[in-house]
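Notebook open, structure loaded. I'm jotting down what I look up as I go.

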Amino acid sequence: MASRENRRALAELVTLVGDNPAQLERARALRAQVNERVATLQGLIDLQGAQGMAAAQRAGAVGTGFAQMQRINAATEQILAEERVLLRQRRAEAERRASLTTSIVIAGILVPLVLLGVLLWGLARENRRARGLEREARATVVRLAESIEQRDRLAEQRRLLGAYAGLLQSCHDRNEAMAVTARVIEQLLPHAAGRCYVLRASQNLAETFAQFGTEVIPSDAMLLPDDCWALRRGQPHRSGGHGGHVHCRHVHPEGSPDSAWMLCVPLMAQGTSLGLLHLHGLHGGDEEATTLVEAIAEQLSLSLVNLQLRETLRLQSLHDPLTGLYNRRYLEEHLQREILRCQRRQKPLAVIMLDVDHFKRFNDRYGHAGGDALLARVGQTLRELVRNEDVACRYGGEEFTLVLPETDRETALARAEVIRAAIGSTTVLHAREIIGPNTASLGLAMFPDDAQVADELLQLADAALYRAKHAGRNRVIGHGQPA
Ligand SMILES: Nc1nc2c(ncn2[C@@H]2O[C@H](COP(=O)(O)OP(=O)(O)OP(=O)(O)O)[C@@H](O)[C@H]2O)c(=O)[nH]1
């Protein structure tokens with residue numbers, strides 16, 4: 001029974017160590033030794049059965065069994081020792097694998113966690129970036145809307161300034177130019193109020209020519225150039241509300257809020273001051289407003305210079321440079337207009353032709369320059385003796401014409417007599433020599449009694465003058481009047 005169990009146990013041992021050739025060899029050797037021992041014991045048992053216990057004890061005492069058992073024990077010890085070594089190795093291997101597995105498991109847990117963290121961080125960053133981009137996009141949309149609004153506003157400003165420049169070119173005088181300027185400022189700067197000033201030719205006083213907006217900070221209607229910093233310095237002057245600002249003397253900002261603004265822009269051309277634009281308001285006086293007013297001032301200055309030049313040319317074209325009187329061209333334009341005006345009012349009008357007597361002789365005696373001096377003196381006398389509404393012209397050479405609207409024959413004759421007497425008693429200082437006096441002859445014709453049209457009136461007055469010459473000169477003769 002025990003022998004069967006031993007065999008099974010040995011067979012199992014052989015199977016168990018089958019993966020290890022050295023152990024397998026030892027197990028097989030052990031099995032052989034055990035089998036040998038079993039066979040020996042079986043022999044003793046058989047001997048005991050056959051020859052008795054004593055024979056079996058004798059045979060057993062020979063020492064063979066003891067040696068077999070020692071070999072079996074030694075083989076068993078060797079196998080066990082080897083198995084212990086193998087067991088330690090396997091245990092070490094198992095522990096290494098277990099820690100490796102643990103590391104892998106930990107890594108397997110940590111890596112996804114780290115990846116998840118990285119993913120979440122990336123998502124948060126993307127989210128932040130997206131929110132930043134969204135904010136930026138919203139700000140860009142706002143900026144875009146603002147720049148579109150600004151572009152539209154600038155386009156409208158350009159359009160208004162263009163139209164303003166066109167209107168300025170068509171203005172006949174400074175009053176019109178200033179009125180147009182006031183309107184354009186009202187359109188461009190609806191919150192502003194102010195005045196357009198023009199400097200007198202003498203440069204000592206600036207007068208208001210136009211006003212715009214509702215005045216909240218009073219400014220004087222007339223000002224001295226020294227009262228305005230812009231006029232003094234020849235550049236724009238800005239100031240704020242009441243406190244802490246350098247104000248021009250022509251403005252009175254007392255009690256105005258700090259948000260108030262005032263702007264003076266000089267009107268300048270070729271280094272000469274022509275006038276001033278003064279603006280003020282409670283809000284809206286930013287840099288854009290200043291730029292606009294400067295642009296307006298620039299165009300207005302050019303326009304004022306042009307108007308001045310045009311006026312000078314117009315006056316030159318209608319005046320005689322030697323005497324300062326109107327010329328024949330002006331007379332021809334003016335006389336018919338005056339006749340129509342008197343016709344409407346049913347008033348008379350007198351035309352007087354005046355010619356210096358023996359002027360050729362005077363010229364010959366004192367030279368052409370002396371003659372010119374006399375003609376200039378006659379011009380001065382006529383200017384001094386006619387009313388504002390009368391017109392005195394140099395008709396040509398030494399011949400002059402006077403137009404006296406709303407004057408009857410008697411008055412006209414009396415005035416002609418005064419003029420004749422004045423010329424006849426006036427001397428001229430020429431080349432340090434007093435020359436003259438020289439006389440003049442005058443002829444007179446009346447509207448509507450003598451003639452109704454300009455040419456005919458002039459001819460009749462000239463005919464009367466001719467008669468005055470023939471009657472002995474230095475006299476006044478009216479049309480239809482005996483010499
Ligand atoms: N100095 C000067 N002489 C002028 C000017 N225009 C015309 N004359 C001269 O005026 C003179 C006019 O002479 P006349 O037309 O003969 O007449 P008058 O000598 O004045 O004689 P009566 O008119 O008959 O009294 C001429 O000698 C012209 O040369 C001018 O602008 N300056």
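This is a predicted model: local features need pLDDT of at least 70, side-chain atom pairs count only at pLDDT 80 or more; totals for chains, interfaces and linings use all residues.

How much helix and how much strand does the chain have over residues 98-124? I get 100% helix and 0% strand there, with the end C-alpha atoms 38 Å apart. I take helices (H or I, at least four residues) and strands (E, at least two) as DSSP runs, numbered from the N terminus. An unreviewed UniProt entry annotates 98-124 as "transmembrane region"; such annotations may be inferred rather than shown by experiment, feature names are shortened, and positions follow the numbering used here.

Residues are numbered from 1 along each chain as its sequence is written.

Next I looked at a sheet. I find 5 strands in an open, mixed sheet, ordered β8-β9-β7-β12-β13; two strands pair if DSSP finds at least two bridges between them. β8 (391-396) and β13 (476-478) are the edge strands, each pairing on one side only. β12 (residues 440-447) and β13 run parallel, joined by 3 bridges, and Leu444 sits opposite Gly478 in β13.

Then the ligand. I count 16 residues around it, and Asp357, Phe359, Lys360, Gly371 and Gly397 come nearest (near means a C-beta atom, placed from the backbone, within 6 Å). β7 and α9 (359-385) are the elements giving two or more residues to this shell, and α9 gives the most, 8 residues.
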